[in-house]
Structure formats: structure tokens, C-alpha cells
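Please keep the sequence and the 3D view open while reading.

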Amino acid sequence: MARIIVVYYSRTGNTEKMAKEVAKGAMEEGLETIVKSVEETNPEELKEYDGIIVGSPTYFGAPAWEIKKLFDDSVKYYGSLIGKIGGAFTSSANIAGGNETTILSILQMMLIHGMIVQGTTESGHYGPAAIGSPDEEVLKECKYLGKRVADLVKKMKGEK
Ligand SMILES: Cc1cc2nc3c(=O)[nH]c(=O)nc-3n(C[C@H](O)[C@H](O)[C@H](O)COP(=O)(O)O)c2cc1C
């Protein structure tokens, strides 16, 4: 069965809340889904998943260094993530506080790995962005991100 991992970094819990909701969306599509903090994620295990969704707080308009390090360390497995489905999300303090650049930075790293990224016509085009703690609307966007990554994984694996 196809599998999804949601990896996040969170210092004060906002991105972690989002990660759990993203995972719920993927689980509701019937896929085995795990949520892990970046500190407990080994870059090698990324190879084992068909969908990889990454969340980070916005720090200076970019992902936290812990997330960048995961990608930097994953160069050892360069070529192994080709064709996997990716997605990203963030929490920032401010509207236009660099949240979209944070999401796009994560998506860029995924694209350099040869991964596939799908946007949405709904709000959160690049991925969900919460201002502080995610409100109901953003939680919905998070769930929808998990759902659409799972949906695409199933299509790619011929399970749908
Ligand atoms: C080092 C640092 C840099 C930050 N840089 C930004 C920023 O550029 N823009 C912004 O809107 N918020 C910024 N913030 C605020 C965090 O993105 C925000 O508090 C976020 O909700 C934290 O997520 P977390 O609860 O998952 O740790 C920064 C916070 C820290 C600690």
C-alpha cells in the first residue's frame, strides 16, 4: 500500500498542529500516514514513502535550518525521490511575513529532487499558511493538502 510521511519542525506548536491535520486528510483517503518531527526523521527513510509533505515555521522568510539540513543530508539519496508527490505548509507571525517564500523554498528543494508538486485553485495555492496558530479555515486547507497529495499518490500508483 502507498505510504505518506508528514515531516515538520515546530518550536511553539503551530506548525505541529498543521502537520497533524495534514496527516488526517491523507489518512481519510485510506493511506498509511505517519507524522514525524524533523529531529526524529532520518533522510534515508524518505525513500520509503510515496508522498512527502514538509512543514516549517517561517524564519526570516525561509524554512528553519532543521528543514534545510534534512534536505541537505538527503543529497546522499539523490535520485531516489524522483516521481514522489510533495507538498509544503508553514506558519508565520505576519500576513506577507515571508510565508509563501518559505513554502516555495521547500517546494523548490522537492523539485530539485525530481518530485511532483500539485497546486490548488483554492486558497493556499502553494500550500497552507497559518498566521500563528492555524484557524478553522487553515486547518481545512491542511486537511485538503493531505487529501490531494494522497489522491495523487493513489492515481500514480494505479490504486485509484
Ligand atoms: C528565528 C525566528 C524567525 C522568524 N521569522 C519570521 C518571519 O520572517 N516572518 C514572520 O511572519 N514570522 C517570523 N517568525 C515567527 C514564526 O514564524 C511564528 O511564530 C510561527 O508561528 C512559529 O511556528 P511554530 O509554533 O510551529 O514554531 C520568526 C520566529 C523566529 C523564532
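This is a predicted model: local features need pLDDT of at least 70, side-chain atom pairs count only at pLDDT 80 or more; totals for chains, interfaces and linings use all residues.

Every value below is computed from it.

## The α1–α4 helix pair

Two packed helices are described by the angle between their axes and the distance between the axes. Helix α1 spans residues 14-28. Helix α4 spans residues 136-156. They pack at an angle of about 45°, and their axes are 7 Å apart. Angles from 65 to 115 degrees would count as roughly perpendicular, and those under 35 as roughly parallel. The pair is therefore oblique. The crossing of α1 past α4 is right-handed.

Which residues make the contact? On the α1 side they are Met18, Glu21, Val22, Ala23, Lys24, Gly25, Ala26 and Glu28. On the α4 side they are Leu139, Cys142, Lys143, Tyr144, Leu145, Gly146, Lys147, Val149 and Ala150. Sorted by class, this contact of α1 with α4 holds 10 nonpolar, 2 polar and 5 charged residues.

## The ligand shell

The ligand is surrounded by 19 residues. The closest are Thr12, Asn14, Thr15, Pro57 and Gly97. By class, the shell has 13 polar, 4 nonpolar and 2 charged residues.

Which elements supply the shell? Both α1 and β4 (85-92) give at least two residues each. The largest share comes from α1, with 3 residues.

## Isoleucine 4

Isoleucine 4 sits in strand β1, residues 3-8. Is this residue buried or exposed? It has 27 other C-beta atoms within 10 Å, so isoleucine 4 is buried. The cut-off for that label is 20 or more.

Contacts of isoleucine 4 beyond four places in sequence are Ala26, Leu31, Thr33, Tyr49, Asp50, Gly51, Ile53, Val149, Ala150 and Val153. Ala26, Val149 and Ala150 also take part in the contact of α1 with α4. The C-alpha atoms of isoleucine 4 and alanine 26 are 7.5 Å apart. Along the chain, these two lie 22 residues apart.

## Lysine 157

Lysine 157 falls in the segment after α4. It counts as partly exposed, because it has 14 C-beta neighbours inside 10 Å. Setting aside neighbours within four places in sequence, lysine 157 is in contact with Ala2 and Asp50. Asp50 is also a contact of isoleucine 4.

Where does methionine 1 lie relative to lysine 157? The two are 156 residues apart along the chain. Their C-alpha atoms are separated by 9.1 Å.

## Two positive phi values

Phenylalanine 60 has phi near 55°, a positive value in a residue other than glycine. It lies in the loop between β3 (51-57) and α2 (65-73). With 10 other C-beta atoms within 10 Å, phenylalanine 60 is exposed.

Alanine 96 also has phi near 55°, again positive in a residue other than glycine. Its place is the loop between β4 and α3 (99-112). Alanine 96 has 11 C-beta neighbours inside 10 Å and therefore counts as exposed. The exposed label needs 12 or fewer.

## Proline 43

Proline 43 is in the loop between β2 (32-37) and β3. It is partly exposed, with 17 other C-beta atoms within 10 Å. Not counting residues up to four places away in sequence, proline 43 touches Leu70, Asp73, Ser74, Lys76 and Tyr77.

Valine 75 is 32 residues from proline 43 along the chain. The C-alpha atoms of the two are separated by 8.7 Å.

## Isoleucine 131

Isoleucine 131 belongs to strand β6, residues 129-131. It counts as partly exposed, with 17 C-beta neighbours inside 10 Å. Its contacts, leaving aside neighbours within four places in sequence, are Ser92, Asn94 and Ile95.

How far apart are the C-alpha atoms of isoleucine 131 and serine 91? The separation is 5.7 Å. Along the chain, isoleucine 131 and serine 91 are 40 residues apart.

Terms used
Residues are numbered from 1 along each chain as its sequence is written. Axes are lines fitted to C-alpha atoms, for helices over the stretch in contact, and angles run from 0 to 180 degrees between N-to-C directions. Helices (H or I, at least four residues) and strands (E, at least two) are DSSP runs, numbered from the N terminus. Angles under 35 degrees count as roughly parallel, over 145 as roughly antiparallel, 65 to 115 as roughly perpendicular and the rest as oblique. A crossing is left-handed if the near helix is turned anticlockwise from the far one by less than a right angle, and right-handed if clockwise. Two residues are in contact if their C-beta atoms, placed from the backbone, lie within 7 Å. Ala, Val, Leu, Ile, Met, Phe, Trp, Tyr, Cys and Pro count as nonpolar, Asp, Glu, Lys and Arg as charged, and the others, Gly among them, as polar. A residue is near a molecule or strand if its C-beta atom, placed from the backbone, lies within 6 Å of it.
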